[in-house]
Amino acid sequence: MQHIKYFENCISEFSKLPGIGRKTAMRLALHILKMKPESAKRLALSVVELKEKIKFCVECGSISEDDMCGVCLSNSRDRSVLCVVEEAKDVLVIEQTAHFHGLYHVLGGKISPLDGIAPSDLSFSSLIRRIKEHNVEELIIATNPDADGETTAIYIIRLLADITGLKITKLASGIPIGSLIEYADDFTMMRALENRNIFKG
Ligand SMILES: [Zn+2]
């Protein structure tokens with residue numbers, strides 16, 4: 001097949017995205033080629049602006065337009081409760097329920113021996129620092145109910161076992177085994193928060 005440089009460049013970049021294989025990358029590149037020029041420019045600009053204007057909150061790791069996110073800066077949040085999640089997108093799902101009033105801690109992933117992700121790759125040290133510095137009374141574990149999420153949850157429970165006065169709870173299994181937090185509807189997430197299981201404290 002003939003090598004078409006700019007088409008190949010675009011396919012190569014799309015292929016680097018999670019869940020995008022070469023066939024899908026090619027379909028996306030073709031789709032963009034058929035787009036109106038202004039639509040394609042808007043798409044490109046949104047990627048540039050995302051990188052330039054959005055950052056990760058220095059405190060919790062969630063996405064933010066400023067150094068610190070709105071949740072961390074808010075005076076109306078309960079600072080004694082911390083909800084630990086895998087990714088920033090999980091914060092958005094829980095926030096959507098408007099049912100959780102504490103703060104968050106984003107790990108930046110989950111422990112996954114198969115993918116080569118070790119505890120040292122995740123933000124456990126800042127989790128411990130935040131719990132101690134801010135006298136957190138309850139930690140809610142909201143990792144996903146899949147194998148790696150459960151491994152991460154057990155790691156957290158063991159890691160924090162010695163912190164006195166800290167209650168550790170975990171989202172109830174309102175979220176079906178194997179399905180991800182990002183796909184949970186508001187009601188399921190609310191129920192999972194309300195019926196959380198106590199592991200410590
Ligand atoms: Zn924050």
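Predicted model: local features only at pLDDT ≥ 70, side-chain atom pairs only at ≥ 80, totals over all residues.

Next entry: helix α6. I find α6 at residues 124–133, and its buried residues are Phe-124, Leu-127, Arg-130 and Ile-131. They sit on the same side of α6, because they cover an arc of only 120° around the axis. I note the general rule: an α-helix has 3.6 residues a turn, so residues three or four places apart point the same way. I then checked the face turned away from the buried side of α6, and there I find the exposed residues Ser-125 and Lys-132.

What covers the buried residues of α6? I list α4 (70–73), β3 (81–85), β4 (103–106), β5 (138–141) and α7 (147–159) among the covering elements. After α6 comes Asn-135, and I note its positive phi, near 50°.

Last entry: Lys-110. I place Lys-110 in the loop between β4 and α6. Is Lys-110 buried or exposed? Its relative accessibility is 18%, so I count Lys-110 as buried; the cut-off for buried is under 20%. I looked for a side-chain partner and found Asp-146, joined to the side chain of Lys-110 by a polar contact of 2.7 Å. Leaving out residues up to four places away in sequence, I see Lys-110 touching Glu-86, Ile-117, Leu-122, Asn-144, Asp-146, Asp-148, Gly-149 and Thr-152.

Key
Residues numbered from 1 in each chain as written. Heavy atoms only, no water. Buried < 20%, exposed > 50% of the residue type's maximum accessible area, 1.4 Å probe, protein only. Helix = DSSP H or I, 4+ residues; strand = E, 2+ residues; numbered from the N terminus. Arc of directions from axis to C-beta. Contact = heavy atoms within 4.5 Å. Polar contact = N/O pair within 3.5 Å; in protein donor to acceptor, adjacent residues only side chain to side chain.
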